[in-house]
Amino acid sequence: ADKETHQEHRNVYYSWREDIDFVRRVLEEFGIDPDKGHIINGHTPIKAKDGEDAIKAEGKMIVIDGGFARAYQKTTG
């Protein structure tokens, strides 16, 4: 019943995934050519209604499941 407990606090990862250098380093850590590879980040709702884009880090990261679930659609748009 307490709406205060319904807040999801995002950690630093959510700002790092916008950083092309960070994403390229992650790809390299997994042995993937950062010029050819991409990260598909699932189960992470985005706030499309607030203008958030599912494409991150100059196109190297794509966030899927950005509000496909009905339970999130009022929040994500």
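How many salt bridges does the structure hold? I looked that up before anything else, keeping in mind that this is a predicted model. The structure holds five salt bridges.

**Entry: E52 and R10**
I checked E52 and R10. Their side chains meet in a salt bridge, at 3.7 Å from N to O. Then I looked at where the two sit: E52 is in the loop between β1 (39-41) and β2 (55-56), while R10 is in the segment before α1 (13-16). They are 42 residues apart, so I noted this as a pair that links distant parts of the chain. R10 counts as partly exposed because its relative accessibility is 38%.

**Entry: E18 and K56**
Next I went to E18, which forms a salt bridge with K56; the closest N and O atoms are 3.1 Å apart.

K56 has a relative accessible area of 2%, so K56 is buried. E18, at 45% relative accessibility, counts as partly exposed.

**Entry: K56 again, with E52**
I came back to K56 and found E52 as a salt-bridge partner, with the closest N and O atoms 3.0 Å apart. Which residues do the shared partners join into one network? I wrote down R10, R17, E18, E52 and K56.

Notes. Residues are numbered from 1 along each chain as its sequence is written. This is a predicted model: local features need pLDDT of at least 70, side-chain atom pairs count only at pLDDT 80 or more; totals for chains, interfaces and linings use all residues. Side-chain values use heavy atoms; hydrogens and water are left out. A salt bridge is a side-chain nitrogen of Lys or Arg within 4 Å of a carboxyl oxygen of Asp or Glu. Helices (H or I, at least four residues) and strands (E, at least two) are DSSP runs, numbered from the N terminus. Buried means under 20% relative accessible area, exposed over 50%, partly exposed in between (1.4 Å probe, protein chains only).
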